[in-house]
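Please look over the sequence and the structure shown below before reading on.

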Amino acid sequence: MTSVEHARPAKALVEALRVDVEDALANLIPEQKPESLYAPARYVLSGGGKRLRPVLLLLTAEAFGTTRQQAMPAALAVEVFHNFTLVHDDIMDNADTRRGNPTIHTKWDESTAILSGDYLMGLSYQLLAATPAGNQARMQQVYHRMVQRLCEGQALDKDFETRSDVTVDEYIQMIDGKTAALLEAVFELGGLVGNCDQAAQEKLQLLGQAVGRAFQIQDDLLDITAATAKWGKKIGGDLIEGKKTYLLLRALESDNEVARAFFEKIVAHNGLAEDKIPKAKQLLEENGILNDAKQAVLHHTSIAQDCLQVLGDSEAAATVRWLLDAMQTRLH
C-alpha cells in the first residue's frame, strides 16, 4: 500500500472530526440577549480554521479508549480557549483581519472584543467542567497550568520587542509558553479524558512541547526559505519587521563577525529593508544557521515521534501520527 493510500483513511477521519467540531461550535452559543455580547462571540467561533487542536484531543482520547461524544466538551473547551486568545492577540497586535475577515475590535470595537474574549474564556472552563469522562481534578490542574504558561509566553514575547539581549534559550522558553503550552494541554487532556496514568500524562506533555517547538522553529525557517506561492506570506517578513525569531537570535550568536554585525543592525534599526533579504538569507546559509534550524526541527520532531508510542497502535494513534507529519510538512 502506498503512502497516499495510507493517508486517505487518516485524512478522511480528520475531516470527519473537523466537521463534528464545526457543527458543535455552530450550536454552542444560542441567540440570546444581550446581542452585543453573544453575536461577536458567535462570529469568532464561525471564523473557520483547521480545528487541529480539538481534533488532536479527540484522537488522543480515542487512543485511550474514550468515545468521541465523551471527549467532545473538552475538545470544544480548547478550541474556544484558542479563539479567545486570538481575539485578545488581535487587540494587542492592532490586527485588522483574521483569516480574511474583520477582527472583532474592527467590526465592533475594542471594548466589545475584550468582553467577548472574556466570555469565551469563561465558556471554555464551563465546557471542560461538563466533560463527562476523566478525572476532573487532574484536568483542571492541566488547564490552569496551560493558561498561566501561555500568558507567561505572551508576556515574554512582548518583552522581547524592546530588548536587544534576548537569547536562544529564552526564545525556547517563550515558545514553550506561547506555542507549546496549549498543545501540551490538548494531548494531556485527551489522555486524561481516557483516564491515562501519570507516566502516560508526562509523555503526552512532552509530546506537546516537542510538537510546539518543532512547529515554531520550522515556521521561523519557512519565513526565509519557503517558496512565495506555497507560503502565502512575504518572504523574509520576520526580518523586515525585526522580529526576534530563532534564526535572528542564532545569527546574533554567530562566530562570524561580519554576519553578527549584519544582524545586530536589524535589531538596532527594528527591521531590515526588503532588498536586503537575499543578503540575509545568504549569510544565514553560509554560516550554518539555516542548517542549525533544520536540525533543531528534526531533533524536536524525533522526540515527538518517540512520545507518540504512548498512544499505541490504534487507528486514532495512526491518524495522530499522520496529522502531526502533515503539520510539520505543511501538507494539511
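Rings of Phe, Tyr and Trp (for Trp, its six-membered ring) are said to pair if their centres lie within 6.5 Å, and planes under 30 degrees apart count as stacked, over 60 as edge-to-face and the rest as tilted. In the whole structure, a search finds six aromatic pairs. One of them joins Phe81 and Tyr143, which are edge-to-face, with 5.9 Å from centre to centre and 70 degrees between the planes. Because Phe81 lies in helix H4 and Tyr143 in helix H7, this pair ties together parts that are 62 residues apart in sequence. Phe81 and Tyr143 also belong, with Phe84 and Tyr125, to one aromatic cluster.

A word is needed on what stands behind these values. This is a predicted model, in which local features need pLDDT of at least 70 and side-chain atom pairs count only at pLDDT 80 or more, while totals for chains, interfaces and linings use all residues. Residues are numbered from 1 along each chain as its sequence is written, and side-chain values use heavy atoms, with hydrogens and water left out.

**The two helices**

Helices are DSSP runs (H or I, at least four residues), numbered from the N terminus. The axes of helix H4 (residues 68–93) and helix H7 (residues 136–160) come within 13 Å and cross at roughly 20 degrees, where axes are lines fitted to C-alpha atoms over the stretch in contact and angles run from 0 to 180 degrees between N-to-C directions. H4 is therefore roughly parallel to H7, a term that covers angles under 35 degrees. Their crossing is right-handed, meaning that the near helix is turned clockwise from the far one by less than a right angle.

Contact here means heavy atoms within 4.5 Å. On the H4 side, Ala77, Val78, Phe81, Thr85, Asp89 and Met92 take part, and they meet Tyr143, Met146, Val147, Leu150, Gln154 and Lys158 in H7. The residues of this contact divide into eight nonpolar, two polar and two charged, where Ala, Val, Leu, Ile, Met, Phe, Trp, Tyr, Cys and Pro count as nonpolar, Asp, Glu, Lys and Arg as charged, and the others, Gly among them, as polar.

**Buried residues**

A residue is called buried when its relative accessible area is under 20%, with a 1.4 Å probe and protein chains only.

| Residue | Relative accessible area |
|---|---|
| Ser116 | 0%, buried |
| Ala304 | 7%, buried |
| Ile277 | 7%, buried |
| Arg213 | 17%, buried |

Arg213, which is found in helix H10 (residues 198–225), is in contact with Ile172, Ile175, Asp176 and His300.

Ala304 is found in helix H16 (residues 289–307) and is in contact with Leu207, Ala210 and Val211. Ala304 and Arg321 are 17 residues apart in sequence, and their C-alpha atoms are 9.5 Å apart in space. Ile277, whose place is in helix H15 (residues 277–286), is in contact with Ile224, Ile235, Gly236, Leu239, Ile240 and Leu272. Between Ile277 and Leu308, which are 31 residues apart along the chain, the C-alpha atoms are separated by 38 Å.

Notes:
Parallel < 35°, antiparallel > 145°, perpendicular 65-115°, else oblique. Buried < 20%, exposed > 50% of the residue type's maximum accessible area, 1.4 Å probe, protein only. Lists of a residue's contacts leave out its neighbours within four places in sequence.
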